[in-house]
Amino acid sequence: MDDARVRLREFRHALARLGDVLASTRDRQVMVSALLETTTTYLAAPASVFYVTVAGSERLRPMERLGTAAGAPLSELPGGAGIAGAASRAHGAVLWPAGDDDDLQPSPLEPEAGAGAIAIPVRSGGHPFGVLGYYGRASPFEEEDIDSLEILVRQAETAIENSFLYEEAVRLSLTDGMTGLWNRRNFDLRLESELSRALRFSEPFAVVFVELDQMKAVNDRWGHQAGDTVLIELARRLTEAVREVDVVARWGGDEFTLLLPKTGLDGALLLAEKIRSAVGTAPFRIDSGNLDITISVGVAAYPEHGSSGKDLVNAADAAMYQAKARGRNRVEHAHAGAPPERDKGDPR
C-alpha cells in the first residue's frame, strides 16, 4: 500500500510539472523536451528517445534523447522497425517483452532494451507526430506504466495540437489566403522593422508598388475565376523574380507591394524592370486560353522619398499612378516632395 501511495504521489508530481511547462509555452521543441524529461524520470528509464515522424513516411528520426541514449549514435528507424516502429503502426503503447509476440523485437538501431522497453506514439490532429521510446530498465515495464504514460502523453498531445492551431491562426492573420503571399498587415510590420534597421545602420531600402493593368476588363470579360488565376500567377512570378531577403505582399485587390532591403533607387529600378518584363513577355494561362497581361510599377527609396513607412508607400503608389497615366506597362520612380493623390476616376 505504501508503494502504491508513493507511486501515486510521484505521478501527480510528474503531471503537475509537465502541466506547468505545457501551459507556459507554444514552442513544440520545449514541449517535447519537457514531456521526455518528465516521463523518463517518472518511469525511471535509463535511456529514452523522442523519434519524430518523417513527413510523408513512416520513418522515425531521433530528435531528442536522454540518459544513456544521449551519447549514442542513434540512426533513423525504417517504418515499423523496433519497439518504436511497432508503437507507431499500432497507434498505441507497446511493451517489450510482449508475451507470445515473438515477432516484436528491439531494433539494433534503438538503445539497449535491457529487461524491458516501452514505446508510445504522440499524435497531433489524428496524425502521427512522433514516438516516445524508453529503454534499459532493470525490471520490465508493466501495464500500470502504460496507464500513467498515456495520461501524460495525452496532456502533451493537446498542447502540441494547440500549438499547431496557434501557428495556423498566426499564418492566416499574416498571409493572403488566395496567393499565399504576406498580407498588408504583415507588410506594414516588416516595413517598420526595415525602417528601424535602416535608421540605425544608415542603409537604403526600397518599396515597390505593383498593379495589374486593366484588371477590371479581365474580370468583366473572362470572369472572376480567371481574374483569380491571373492574381495567383502574378504572385508566383513576383516571388520568383526577387531575392530571398525581399518581401512580396498582396496589398489588396490587384495591388502588390515589395520591400527590398539594402537596395537603393537604381537597384530597385532594375528589379522593377525585371518584374515588368517577367509579367509582360509571357502570356498568362487561363481555362479559356492565354492572356497578355501587363503591370504598372512605382518605386520609392529610403531616404530620398520619405522618412516613414507611410510616406514611402504613398510615394511608390504615386509613382505607380504616374506609370498608369503615361500609358501603363512601365516603371516610374517617385520624386522628392509630397506625392500626388490618386485620381479616383482613373481607369486601372
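## The β11–β12 pair

Strand β11 (residues 295-302) and β12 run parallel, joined by three bridges. Across this pairing, Gly 298 sits opposite Glu 332 in β12. Keep in mind that this is a predicted model.

## The sheet they belong to

Zooming out, we get an open sheet of five strands, in the order β7-β8-β6-β11-β12 and with mixed pairing. β7 and β12 (331-333) take the edges with a single partner strand each, so one side of each has no neighbour in the sheet. From one strand to the next, the twist averages 20°.

## The β7–β8 hairpin

Val 248 faces Leu 258 in β8. The hairpin has two residues between its strands, and Gly 253 takes a positive phi near 60° there.

So is β7 open or enclosed? Five of the six residues of β7 (residues 247-252) are buried, so the strand is largely enclosed by the rest of the structure.

Now for the helices. α8 lies across β6 (205-212), β8, β11 and β12, and runs at about 165° to β11.

α8 (residues 265-280) also packs with α7 (residues 224-241), at an angle of about 140° and with the axes 10 Å apart. That angle makes α7 oblique to α8, and their crossing is right-handed. On the α7 side, the contact uses Leu 234, Arg 237, Leu 238 and Ala 241; these meet Leu 271, Lys 274, Ile 275, Ala 278 and Val 279 in α8. Sorted by class, that contact has seven nonpolar residues, two charged ones and no polar ones.

Note on methods:
Residues are numbered from 1 along each chain as its sequence is written. This is a predicted model: local features need pLDDT of at least 70, side-chain atom pairs count only at pLDDT 80 or more; totals for chains, interfaces and linings use all residues. Side-chain values use heavy atoms; hydrogens and water are left out. Axes are lines fitted to C-alpha atoms, for helices over the stretch in contact, and angles run from 0 to 180 degrees between N-to-C directions. Helices (H or I, at least four residues) and strands (E, at least two) are DSSP runs, numbered from the N terminus. Angles under 35 degrees count as roughly parallel, over 145 as roughly antiparallel, 65 to 115 as roughly perpendicular and the rest as oblique. A crossing is left-handed if the near helix is turned anticlockwise from the far one by less than a right angle, and right-handed if clockwise. Contact means heavy atoms within 4.5 Å. Ala, Val, Leu, Ile, Met, Phe, Trp, Tyr, Cys and Pro count as nonpolar, Asp, Glu, Lys and Arg as charged, and the others, Gly among them, as polar. Buried means under 20% relative accessible area, exposed over 50%, partly exposed in between (1.4 Å probe, protein chains only). Two strands pair if DSSP finds at least two bridges between them.
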